[in-house]
Amino acid sequence: MSGRLQHVGVSVADMDRALAFLSKLGFETRARFAPFDSAAVAGITGLTGARVREIAYVARDDYTFELLEYAAPKRDEAVRRVCDVGYFHMALEVDCLTEVMADLGSDAQPYTVAQGPAMGQRAAYIYGPDGLTVELIEQPRL
């Protein structure tokens, strides 16, 4: 198969809140707009009656995320756990895990990996709005 990864899409309940969280992680908003074709979302997704209020593209490094705030149909806003099928997280490598977590106001407890290929890494999951989950990873100092 030819081609390249273009973006990963994530549905959010509140676009402003999601963009504020991601900007703290170094993501830049590249575009923000209302869909111009109301039939496009339903046509592309196959979800009858689907309408998107707003779409935004955010990028960091060479990765782009498409954020979608749906207006219809009614959303399931149940909290999902990291072990639930289809759960999604992204990982960001940081220079100083303690500093980044303090800047984000996170009280998660970093874990130091004791064995295996990631031995010495410090890592923690932080949870943003709408289930946006980010694993922060600090490589061991040599």
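Visitor: What covers the buried residues of H1?

Guide: This is a predicted model, and in it helix H1 covers residues 15-24, with Met15, Ala18, Leu19, Phe21 and Leu22 buried. Strands pack over those residues, and the cover includes S2 (28-33), S3 (51-60), S4, S5, S7 (122-127) and S8 (133-138).

Visitor: Why do the buried residues of H1 sit on the same side of the helix?

Guide: Take the buried set, Met15, Ala18, Leu19, Phe21 and Leu22. They end up on the same side of H1 because the arc they cover around the axis is only 160°.

Visitor: And the ends of H1: which residue caps the N-terminal end?

Guide: Look for a side-chain oxygen by the backbone nitrogen of Asp16; one lies 3.1 Å away. Just after the helix, for the record, Gly26 takes a positive phi of about 90°. The cap at the N-terminal end is Asp14.

Visitor: Which residue has a side-chain oxygen reaching the backbone nitrogen of Ala39 at the start of H2?

Guide: H2 runs over residues 38-45, and after it comes Gly46 with a positive phi near 80°. At the start of the helix, the oxygen comes to within 3.0 Å of the Ala39 nitrogen, and it belongs to Asp37.

Visitor: What share of the contacts in the chain with a separation of 6 or more comes from residues 24 or more positions apart?

Guide: The chain has 142 residues, 30% of them counted as buried, and its C-alpha trace spans about 55 × 35 × 30 Å along the principal axes. Of the contacts with a separation of 6 or more, residues 24 or more positions apart account for 56%.

Visitor: Which strand gives the most to the lining of the largest pocket?

Guide: The top contribution from an element is three residues. They come from the strand at residues 8-11, S1.

Visitor: Which strand supplies the largest share of the lining of the second largest pocket?

Guide: This pocket holds about 270 Å³, and of its 16 lining residues Arg60, Asp62, Tyr63, Thr64 and Phe65 are closest to the centre. S4 (63-72) and S5 (90-93) each put in at least two residues. The largest share is four residues, and it comes from S5.

Visitor: Last one: is Gln121 buried or exposed?

Guide: Gln121 sits in the loop between S6 (111-112) and S7. Leaving out residues up to four places away in sequence, it touches Tyr111, Thr112, Val113, Ile137, Glu138, Gln139 and Pro140, and its side chain makes a polar contact with that of Gln139 at 3.2 Å. The cut-off for burial is under 20% relative accessible area. Gln121 has 16% relative accessibility, so it counts as buried.

Key. Residues numbered from 1 in each chain as written. Predicted model: local features only at pLDDT ≥ 70, side-chain atom pairs only at ≥ 80, totals over all residues. Heavy atoms only, no water. 1 Å grid on protein atoms, 1.4 Å probe; cavity = no way out; pocket = protein on both sides within 12 Å on 5 of 7 lines; lining within 4 Å. Points joined across faces, edges and corners; volume = space filled by probe spheres on them. Buried < 20%, exposed > 50% of the residue type's maximum accessible area, 1.4 Å probe, protein only. Arc of directions from axis to C-beta. Contact = heavy atoms within 4.5 Å. Polar contact = N/O pair within 3.5 Å; in protein donor to acceptor, adjacent residues only side chain to side chain.
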